[in-house]
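Have a look at it first.

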Amino acid sequence: MCGIIGYIGSKPVVPVLVEGLRRMEYRGYDSAGVAVIGPDGLSLRRSAGKLANLEAAIAASPVDGAYGVGHTRWATHGRPTEENAHPHRDCTGRIVVVHNGIIENYLELKRELQGQGHIFKTETDTEIVAHLVERESRNDGLENAVRRALALMRGMFALVLVSVDDPGKIVAVRNGPPIVVGLGENEFFVASDIPAILSHTRDVVFMADEEMAIITATGVVFTDYAGQSIEKKSQRVLWDPLMAEKAGHRHFMLKEIHDQPTAARDTILGRVSLDSGRVFLEELNLSDEACQSIEKVLIVACGTSWHAALVGKYLIESLAQIPVEVDYGSEYRYRNPIVSTNTLAVVITQSGETADTLAALREAKRKGARSVAICNVVGSMATREADGTVYTHAGPEIGVASTKAFTSQLVALDLLALYLAQVRGALAAADIHAHIAELLQLPQILEQAIKASGAMERLAERFSTRSDFLFLGRGIHYPIALEGALKLKEISYIHAEGYPAGEMKHGPIALIDEQMPVVAIAPADHVFEKMVGNVQEAKARGGSVIAITTAGDDRMSEVLDPSKDAIVAMPATAPLLTPIVMTIPLQLLAYHIAVRRGCDVDQPRNLAKSVTVE
C-alpha cells in the first residue's frame with residue numbers, strides 16, 4: 001500500500017527521500033509528500049498525483065534539512081488531494097506523521113480531540129495521530145508521547161514521526177503493515193519496503209508487530225510498546241540494487257516476464273540433486289515423522305497467490321497423495337475452519353506482509369496446525385511467524401501485476417509436493433528422479449516460451465479494442481485461466497473471466513458472440529479432446545479463439561480458422577510443469593494489450609503491490 005521513507009545522516013535529505021519514494025512507486029499511490037527538519041524548523045511539500053508533481057513543487061520552492069520523512073499515499077480515508085496527502089501535522093505544526101494502514105477508531109478519537117479544541121484540516125484518519133501525540137507530549141521525548149497515543153488507537157498501522165521539539169530523532173512504529181530499518185555508515189533509514197533503501201544499504205532490521213524504533217544520527221534503539229528494550233539482529237539483503245531496475249526494458253513488468261527463467265532456476269538451485277534423485281528443503285523445519293503424520297494440507301493466499309495455491313492443490317494431491325483445501329486469506333478467519341494438529345497450513349505471499357494471509361496463518365496456528373510460508377522476502381512477517389519456509393528466489397518484483405513471483409511460487413509448490421512425496425514414500429525413487437530431471441529443464445523451456453512475445457504483440461494489435469475476454473482451462477490449467485484473466489483485468493482494464501472449460505455451458509456461453517475473444521489453454525494432455533470440444537462450442541457462437549497449445553501438436557488447427565482465430569504453440573514439458581509454461585503467453589498478451597491501450601502497465605489504477613491492511 002502506501003510508501004514510507006525516512007532518513008537521518010550526512011547526505012542531502014530531500015534527494016534521499018524522493019529517490020526512496022520513486023523506488024516505491026510500484027506499490028500504487030495517488031499523492032506524495034516530504035517533511036524535513038533543519039535549522040529553519042519544519043518544511044513540508046505535498047502534491048496530488050504522480051511523484052513528478054511533488055518534484056515540481058520542491059523545485060518551485062526548495063527545502064532542505066538534516067533529516068526527514070516522505071510518503072506516497074494510496075487513499076483509504078479522504079479523496080486523493082494535496083490537502084489529504086501525507087505528511088500530516090498537529091495543531092502547532094511542529095509534529096509530523098506519515099502512516100500506512102487504518103486507524104479503526106479514528107472518528108471517536110477525532111470527536112474527542114475536537115471537543116478539546118483541536119482543529120483538523122483533512123479528511124484522513126492519519127491526522128488524528130499527530131493531534132494525539134501533540135496532546136500526549138510531556139517534554140519526555142517524542143517516543144513516550146507516541147507510546148501514550150498508541151494506547152488509545154485501534155487498527156493496523158505503520159507510523160513514522162518527527163518533531164521539531166525533539167530534534168535529531170525519528171520514531172517508527174509497526175502494528176501490521178511492514179517497516180524495515182536500514183543501517184548505513186553513520187546514517188540510518190526507515191522504510192515500508194526494501195527497494196526504497198537498497199541503493200544505500202543492504203543491512204536491514206525487520207520490525208515485528210508492536211515494536212518501536214527510535215532512530216538518531218548515532219544509532220537505533222528498538223523497544224516494545226511499553227518501552228522495554230529489544231535486541232534485534234540485522235540481516236543482509238542479497239538483492240543487487242540493479243535487480244530493481246528495468247535493465248533496458250520499457251516497463252518493469254516486461255523485465256520481470258523476462259526474468260522468469262532466472263527466477264525459476266534460482267528457486268530450484270541447491271534444492272534438488274539429479275545424482276541422488278532427492279529434494280532438499282531443510283528450511284521447512286518439518287521432521288520426517290511430522291511430514292508422514294500430515295492428514296490434510298491447507299493452502300491460504302490472496303489474489304495471484306491464490307491461483308498458485310489452486311495449482312498447488314493439483315501438485316500435492318497428485319505427487320504426495322494428501323488431500324488439499326484451498327482458501328482465500330480474506331475469508332478464512334471469518335468462518336470456523338476445521339484444523340487439527342495433523343494439518344499442514346501453507347501460506348503463499350510474495351511480500352510476506354499480506355494482512356489477510358497473515359491473519360489466516362495466525363488462525364490456523366492457533367488451532368494447532370503446523371505452518372509453512374512460501375515467500376519471496378527474507379525476514380518478512382510471514383517467514384518469521386511460520387514454522388518453516390520455502391523461499392522463492394525471484395528477486396524484487398516491482399510491477400504491481402505479479403509475473404515472476406507467481407511462476408516462482410509454482411516452482412516452490414512443485415518442490416514442496418515432491419518433497420512430501422519423497423518423505424512419505426508416495427512416489428517411487430525412479431519417478432522422483434524423472435521429475436527432478438524435468439524440473440531442471442524448466443528454465444530453458446521458459447526461455448523458449450518468452451520468444452512468443454512477438455506473436456502476442458501481433459494478437460494485441462488485433463484484439464486490444466475488445467471489451468470482454470473469456471479464458472478457459474481444464475484441470476490444472478483452470479487456475480492458469482483465472483490468472484490470465486486477472487492479468488488482463490489488472491493492467492488493461494478489460495473485463496475478463498476465467499472459467500473451467502467444462503462449466504462454459506452452465507452460463508458463460510451466453511456471453512459469446514463475434515466480439516468476445518476466447519483464450520483456450522489447450523496443451524496436449526489427457527483432456528485435450530475435451531478442450532477441442534469446448535473450442536468448437538465457442539466457434540459455433542461466433543467467438544474468436546486464441547488457443548495456447550503444445551508445439552508439434554497440430555490437432556487444434558483442424559478446427560480453427562486462420563483468418564479469425566490464432567494458435568500460439570508452447571514448448572512441451574512434463575504435465576505437472578506445463579501450467580508454468582502456459583502462464584508466459586498470457587502474461588505477454590496482457591502486457592501488449594495494455595501497452596496498445598496506453599495504460600500504466602507498472603502502476604495500474606486503484607491497485608497496490610502489497611495489501612498490508614484488511
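**Starting from one glycine**

G543 is buried, with a relative accessible area of 0% (buried means under 20% relative accessible area, exposed over 50%, and partly exposed in between, using a 1.4 Å probe and protein chains only). Before going on, a word about what you're looking at: this is a predicted model, where local features need pLDDT of at least 70, side-chain atom pairs count only at pLDDT 80 or more, and totals for chains, interfaces and linings use all residues. Residues are numbered from 1 along each chain as its sequence is written, and side-chain values use heavy atoms, with hydrogens and water left out.

So where does G543 sit? You'll find G543 in the loop between α17 (528-540) and β25 (544-550). Helices (H or I, at least four residues) and strands (E, at least two) are DSSP runs, numbered from the N terminus. Setting aside neighbours within four places in sequence, G543 touches I512, D513, M516, A538, K564 and D565, where contact means heavy atoms within 4.5 Å. Now find L470: it is 73 residues from G543 in sequence, yet the C-alpha atoms of the two are 9.8 Å apart in space.

Next, the cysteines. A disulfide is a pair of cysteine sulfur atoms within 2.5 Å, and by this rule the count here is zero. C375 is in no disulfide either, since its nearest cysteine sulfur, that of C302, is 13 Å away. Both residues are tucked away from the surface by our cut-off: C291 counts as buried at 0% relative accessibility, and C375 counts as buried at 1%.

Time to zoom out. The protein chain has 18 helices and 26 strands. Its radius of gyration is 25 Å, close to the 25 Å that the globule rule gives for 614 residues, so the chain is as compact as a globular protein of that length. That radius is taken over C-alpha atoms, and the rule is 2.2 Å times the number of residues to the power 0.38. Along its principal axes, the C-alpha trace spans about 80 × 55 × 45 Å.

How much of the chain is buried? Buried residues make up 61% of the 614 residues. And of the contacts with a separation of 6 or more, 71% come from residues 24 or more positions apart.
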